[in-house]
Amino acid sequence: MSNYRFSRRSVLKSMGLATFANCTPGLTFAEPRHDGNFVLLLLRGAVDGLALAAPYGDGNYRRLRGELAIPEPGQSGGLLKLDGLFGLHPSLRNVHQSFSAGEATILHAVASPYRERSHFDGQDLLENGARQVGVVRDGWLNRALLQMDRRSGEEMAVALAQNTPLVLRGDNSATSWAPSQLPDVGDSTLRRLQNLYADDEFFASRLRQALRSQDIAGDASESGNGRRRRNDAKQFADLMHSAARFLTAPDGPNIAVAELGGWDTHANQGATNGALANRLEALDTGLGNLRDGLGEAWRHTVVAVVTEFGRTVRVNGTRGTDHGTATAALLLGGAVNGGAVVADWPGLGVGELYADRDLKPTVDVRSLFKGVLEDHLNLAPEFIEQSVFPDSRAARPMRNLIKA
Amino acid sequence: MLNKTVLDADIISSCFYSLNYTLRAMSVISPLATVNQQAAITLYPHATLPAIIEGNLLSKAVIAASRFGLGARPGELATIDRNPEKWLLNQLSGPSRPHREIRRLPASDEVLVAVQALKREQRAARKDGNDDVVKTYGRTVRRHYMDQTSARYRAAAETDLPFHERLVHFWSNHFAISADKQPVPAIAGLYENEAVRPNVSGKFVDLLFAVEKHPAMILYLDNQRSVGPGSSVGKRANRRQREQQVGLNENLAREILELHTLGVDGGYSQQDVMGFAKVITGWSIGGESERGRFGGGVPGKFEFRENIHEPGSQVLLGNRYAQKGVEQGEAVLRDLASHPSTARFIATKLARHFVSDDPPDSIVTRLADTYLESGGDLPSVYEALIRSKEAWLQVFNKYKTPHDFVISTLRAFRHTPDKARFVTGALDLMGQTPYRPGSPAGWPDTAAQWGGADALYKRVEWSNTVAQIIGKRVNPVDLGNSVLGAAFDPETRKAVARAETVTQGLTLFLASPDFQRR
């Protein structure tokens, strides 16, 4: 942040705390990266899947959605066509581009096992991978880290958030990073702080991880010119640039988790334009930045975009939608076997809705995660069943999500 | 690198990205030249801190100050040491004594009426393309938010009733509203001071009534929009319009059950949520509604609207509520307040806040029993907490939240921030923007949720920034002795004493595990 930058790793090394990976730095740096990247994007607040990917070909869609229905593909402000049944929200131009390039899959009528209507419990279950609320305290992606091939001794996963989301919290070490605008702390102070923390693992491990992230993100924080960025759509767009930096750093993480809120559209949700459209645009811009920032590495990347649950099929009394059940999810990336909508469409007709108000779930979101873990990150099926998603046999891993 | 204590203007101007810029961006100061001057005036009135002799103070006083209070101000430990329990309990007795910063704030109804009028003007102006008027709304809301935030942290920095103040913050977070939804930022602090503050040392049920009827809560959880389908307005609207139906909004009802009273495992169903939503239809705000569908009542104040209230009796948690009007909802709230699930839920949250992230069942049960036996009398529950040995067992069991960290730093330096952005800037960075938890669940209260690597690093950066601002004015070892007393770890003291510079010593002290825990 000042005109003089130094490598945080020099602090680590001088402390004798450099990890074993650094014993052969030449090797680590020279090695091209072929391993898979995985980005998990948590959309907090329950995204309306029927707006994200609208079933315009379902005869009941327009009737039930009323003023929230989005015009058909080809019309002004209309959906971006996916197939004869579904269209993407017109804000999702980058996603549609990826879809057309065979690098995006839209999954529909997806839900976690959660069937109640609390955001907080819904998010917990999406992130801890359990079948019931309140049972499991760590995140499924954290548990999955145990068996991932470390390309170095460094943390494999980064949370691009002020505070690590539940999905990455747990016994396995993960790091976190978010942009800062404060002056740098001097080397000498950091060294002394490491000494001071030496006997307190809670502080010691966190400082170690933080210093490493400073190394990777160094340039990113400079490009961010230090101004306070209040607009969180812009923040998210910048954050996706940083995500790309972490994932392409020579011995950086290959798992990243980020989050974007503001989806709880109880009132004045809008259709082609409006509150939800703006949110989707922020998401789409961020995804575009991630794709561009990854460059070559996009080929080995899978991005999963998920939310805790969907929203009611019918419009509520305040031109919005209330907490629902099934929703849509996205998979993007050069490694995705994309270009199709994957859905066992339950329909929106009489008797087809869940509890007569929500889209009925036909796919367990854990099936999607399990497919990615097995086919993209090469985790053993038994490990996934026993440790990552215990108690999930019924949710079979989805096949063909990833390019062979 | 700016790791020297002297904030030399030449050094700074030579930096591509200067500290000056950063500090100004945080509104810590205006022109840099006044840093030391300002520090001298506001940070510390005395030339040196009163040195407090090591070992003189029992760790019980430190726990009272750090865990129950907001972190010691220099000199505070000596006061507490005479009788820590009594020091705490005395803060609960007598009428609420708000700090002068709090007393000078405007009333929420006035602010609400004013900003809603601006909102209407803004809408009209947007059509006419009048940008100035459009911006006025945002500016006004922000000014109110900053005023209230400033008052909150100035009061917290100075108060000599820090346990009472912590309870205000605790309950304000329990009954959280979030400033990411308009017009909440304009009234979030007023809500805390009007609904929560006067009621933290009374009966839980009174606190519950006050928050659920406060316009900020009603607006935040959309209850003013919730229309009973069988009410006169509901029937008429739904007969007339096909496309745009009016109807129930379950938000407030759900959060009262899940987050305010029973807790998510408290034994209620979706049916109960629907029933309760019907019960509280009509809990609204006076004045004309957004689309002018209904009016009446005192603008900006709680108003029960009979014409949108769902008529008839409702069944909830196995009880039938046949009351009419606002009394139906009040009866439900009363039953919720005395429900064993509520007792357990409140007891767990208090124990988690004051004892440990994973509180022992013994203390949770004791607090829950006290709650039920005393009819939800909060001071009785606090007293049971204070009298519990679990609360005093371990020194510094809780990792401070950013909010705790910033306040305890202000208190340690006897620094009352002139500008709210000193605080909001710090808390934004550390992930706890004031009055903006992002959801009605409020901020989390465990280290797992605050303990990210980067989150810790931001604390180190902020410690360093604060240390640079106050520079030479404070002796770091004296500071440690006076705010941590006997709990100032000898190793930490050694590290602080051996620091190269005062700035470094202060940074190490603020970032030390000793100071980061409470």
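Of the 518 residues in chain B, 56% are buried, where buried stands for 20 or more other C-beta atoms within 10 Å of the residue's own, exposed for 12 or fewer and partly exposed for anything in between, with C-beta atoms placed from the backbone. This is a predicted model, in which local features need pLDDT of at least 70 and side-chain atom pairs count only at pLDDT 80 or more, while totals for chains, interfaces and linings use all residues. Residues are numbered from 1 along each chain as its sequence is written, and chains are lettered from A and ligands numbered from 1 in the order in which they are written.

**Overall make-up**
- Chain B holds 29 helices and four strands, taken as DSSP runs (H or I of at least four residues for helices, E of at least two for strands) numbered from the N terminus.

**Helices α26 and α27**
- In chain B, helix α26 (residues 476–484) packs against helix α27 (residues 490–497) at an angle of about 155°, their axes being 9 Å apart; axes are lines fitted to C-alpha atoms, for helices over the stretch in contact, and angles run from 0 to 180 degrees between N-to-C directions.
- P476(B), V477(B) and G480(B) of α26(B) meet R493(B), V496(B) and A497(B) of α27(B), contact requiring C-beta atoms, placed from the backbone, within 7 Å.

**Loop residue A107(B)**
- A107(B) lies in the loop between α7 (100–103) and α8 (108–128) of chain B, and A107(B) is partly exposed, with 14 other C-beta atoms within 10 Å.
- Although A107(B) and G189(B) are 82 residues apart along the chain, their C-alpha atoms are separated by 10 Å.

Note on methods
Contact = placed C-beta atoms within 7 Å.
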